[in-house]
Amino acid sequence: MSKDIILNIESLKRSFVRNIINIRGESEDERFYIIDNLNLQIQKSKITALIGGNGAGKTSLFNIISGFMAANEGKILYRNNGSNDNILSKKPNTIAKIGIGRMFQDNHIFHNMTILENMLIADDNNFGESPFVSFFKYNKSMNNESSKIEKAKDIFNDLFGIGNFFWDKRFDKADSLSYGQQRLLGLARLLMGNYKLLLLDEPTSGVNPDTIEKIKNIIKLFVKDKGITVFLI
């Protein structure tokens with residue numbers, strides 16, 4: 001696997017079974033493949049787009065890569081710190097920890113939490129989540145929380161400029177945002193995770209032209225300035 005390839009998909013198959021009535025009027029199970037012997041390479045620090053009609057298996061592929069769906073056969077090799085790891089069938093949290101982030105078709109933000117809380121919970125440093133750590137290392141935990149807040153502020157400023165809407169409204173609930181603003185928040189949250197590869201499922205779907213331009217610019221920034229690889233539907 002070449003050093004400029006971050007994800008190598010080999011002979012991937014995913015099938016489903018559906019019940020049908022055959023020509024004899026009898027009920028029987030029929031297996032069909034939504035992904036059949038797929039081979040695909042994703043280049044590092046590039047934008048790769050996956051194009052296809054409804055039901056073609058695009059989201060199913062993303063679900064398999066990110067660990068939310070099992071495959072029948074194949075390999076998914078992810079280049080992680082110089083080694084090629086087969087991530088097929090690993091759990092979603094394991095895949096996220098090694099550097100693969102996911103943005104779903106819906107926004108997947110926490111509507112009853114504030115904008116800032118949505119950012120903080122997306123941070124890849126989980127120091128302080130243990131009650132033992134929180135009790136005995138209180139000062140360190142508070143310093144870590146402060147650094148997370150600064151990180152969120154820097155991300156907002158980086159993406160939207162100083163004095164941006166999101167930082168000014170950081171204590172507002174996320175459900176106060178418009179759908180397009182929630183999409184932008186979802187993209188900003190990905191930078192809290194320090195991911196190397198981002199899977200974006202139709203990131204511009206359902207938003208107005210102005211927001212589409214903002215999303216396009218953010219994706220370009222991911223790749224050009226951050227060196228992140230983007231694989232999008």
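Q: Which residues are buried in α1?
A: A note on the source comes first. This is a predicted model, in which local features need pLDDT of at least 70 and side-chain atom pairs count only at pLDDT 80 or more, while totals for chains, interfaces and linings use all residues. Residues are numbered from 1 along each chain as its sequence is written, and side-chain values use heavy atoms, with hydrogens and water left out. Buried means under 20% relative accessible area, exposed over 50% and partly exposed in between, with a 1.4 Å probe and protein chains only. Helices (H or I, at least four residues) and strands (E, at least two) are DSSP runs, numbered from the N terminus. In α1, the buried residues are K58, S60, L61, F62, N63, I64 and I65. Since seven of the eight residues of α1 (residues 58–65) are buried, the helix is largely enclosed by the rest of the structure.

Q: In what order do the four strands form the open sheet?
A: Two strands pair if DSSP finds at least two bridges between them. Here the order is β3-β8-β7-β6, with parallel pairing. β3 (47–49) and β6 are at the edges with a single partner strand each, so one side of each has no neighbour in the sheet. β3 is joined to β8 by three bridges, and A49 stands opposite L232 in β8. Four bridges link β6 (residues 100–103) with β7, where L197 is the bridge partner of I100. β7 and β8 (residues 229–232) also share four bridges; there, L199 has F231 as its partner.

Q: Which way do the residues of β7 point?
A: In a regular strand the side chains alternate between the two faces of the sheet. In β7 (residues 197–200), L197 and L199 point one way, L198 and L200 the other way, and all are buried.

Q: At what angle do the axes of α7 and α8 cross?
A: Axes are lines fitted to C-alpha atoms, for helices over the stretch in contact, and angles run from 0 to 180 degrees between N-to-C directions. The axes of α7 (residues 179–192) and α8 (residues 209–224) come within 10 Å and cross at roughly 10°. Angles under 35 degrees count as roughly parallel, over 145 as roughly antiparallel, 65 to 115 as roughly perpendicular and the rest as oblique; α7 is therefore roughly parallel to α8. Contact means heavy atoms within 4.5 Å. Among the residues making this contact are L184 and L187 of α7 and I215 and I218 of α8.
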